[in-house]
Amino acid sequence: MAIAIIEKYFPKITVDQKEQFNALGQLYPEWNEKINVISRKDIDNLYEHHILHSLGIAKVFSPKPDTSFMDVGTGGGFPGIPLAILFPECNFYLIDRIGKKIKVAEEIAQNIGLKNVAFRHAGVEEEKQTFDFVLSRAVMPLSDLVRLVRKNIKKEQKNALPNGVLCLKGGDLQAEIHPFKKTSLLFDLGNYFNEDFFKTKKVVYVQVSKS
């Protein structure tokens with residue numbers, strides 16, 4: 001059963017969370033038939049390549065209640081929806097410039113009863129609200145993302161980890177993080193998850209302060 005891979009790494013999830021994660025296994029393939037948010041070749045790997053991958057952020061950071069996140073270029077809801085399930089006391093704002101994809105994420109969140117998510121069909125350039133952290137999954141180069149979202153990071157600190165950007169990325173990232181070497185951390189997901197898929201996957205954190 002696909003959800004077993006979530007329970008393997010997050011054994012303390014509640015019955016409600018388990019039901020929500022379980023429901024994703026039916027909802028995403030159904031929606032993907034109508035609107036392509038996950039590669040058709042990859043939909044069978046939904047739990048490992050998309051849901052568990054999204055939860056990699058939770059292996060390197062445990063936010064305090066009421067921490068706010070903006071998921072930029074969320075597509076069908078990654079990493080925002082899996083993280084919103086795992087952290088029901090935090091708030092998630094999912095934004096994407098492709099309306100069809102936001103609709104899928106919104107419908108799925110509604111179907112599983114997620115109460116801590118909001119959605120917007122727009123480019124991040126248009127967004128003026130502020131958040132504790134910005135999330136993304138390989139949406140754009142790090143320097144571009146940091147430049148675009150600096151205005152969206154709150155000044156007030158709530159967590160031990162200073163406010164900033166948390167990205168899921170793969171491959172050799174040394175050149176990309178070089179401009180941020182004094183304010184960034186790099187976490188290898190292969191240290192947290194055993195599957196081969198995660199050998200090249202990383203979480204990148206960049207502290208962002210208002211200029």
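Helix α2 and helix α5 (residues 99-111) pack at an angle of about 150°, their axes lying 11 Å apart, where axes are lines fitted to C-alpha atoms, for helices over the stretch in contact, and angles run from 0 to 180 degrees between N-to-C directions. The two helices, α2 and α5, are therefore roughly antiparallel to each other; angles under 35 degrees count as roughly parallel, over 145 as roughly antiparallel, 65 to 115 as roughly perpendicular and the rest as oblique. Their crossing, that of α2 and α5, is right-handed, a crossing being left-handed if the near helix is turned anticlockwise from the far one by less than a right angle, and right-handed if clockwise. On the α2 side the contact is made by L24, L27, Y28 and W31, and on the α5 side by K103, V104, E107, I108 and N111, with contact meaning heavy atoms within 4.5 Å. Sorted by class, the contact of α2 with α5 has six nonpolar, one polar and two charged residues (Ala, Val, Leu, Ile, Met, Phe, Trp, Tyr, Cys and Pro count as nonpolar, Asp, Glu, Lys and Arg as charged, and the others, Gly among them, as polar).

This is a predicted model, in which local features need pLDDT of at least 70 and side-chain atom pairs count only at pLDDT 80 or more, while totals for chains, interfaces and linings use all residues. Residues are numbered from 1 along each chain as its sequence is written, and side-chain values use heavy atoms, with hydrogens and water left out.

Helix α2 (residues 15-34) also packs on helix α3 (residues 46-60): their axes come within 11 Å and cross at roughly 125°. That angle makes α2 oblique to α3, and the crossing of α2 and α3 is right-handed. Here F21, N22, L24, G25, Y28 and P29 in α2 meet L46, Y47, I51 and L55 in α3, and the residues of this contact of α2 with α3 divide into eight nonpolar, two polar and no charged.

The protein chain as a whole holds seven helices and seven strands, these being DSSP runs numbered from the N terminus (helices H or I, at least four residues; strands E, at least two). Along the sequence the protein chain follows the pattern α-α-α-β-α-β-α-β-β-α-β-α-β-β. The radius of gyration of the protein chain is 16 Å, close to the 17 Å that the globule rule gives for 211 residues, so the chain is as compact as a globular protein of that length; the radius is taken over C-alpha atoms, and the rule is 2.2 Å times the number of residues to the power 0.38.

The seven strands form an open sheet of mixed pairing, in the order β3-β2-β1-β4-β5-β7-β6, where two strands pair if DSSP finds at least two bridges between them. At the edges stand β3 (117-121) and β6 (184-188), each of which pairs on one side only, and the twist averages 20° from one strand to the next. Strand β2 (residues 91-96) runs parallel to β3 and is joined to it by five bridges; the bridge partner of D96 in β3 is H121. Helix α6 (residues 142-149) lies across β1 (68-72), β4 (133-137), β5 (164-170) and β7 (201-207), running at about 155° to β5.

Most residues other than glycine have a negative phi, and most peptide bonds are trans. D66, although not a glycine, has a positive phi of about 75°, and its place is in the loop between α3 and β1. A cis peptide bond, with omega about 5°, joins F78 and P79, and P79 lies in the loop between β1 and α4 (80-86).
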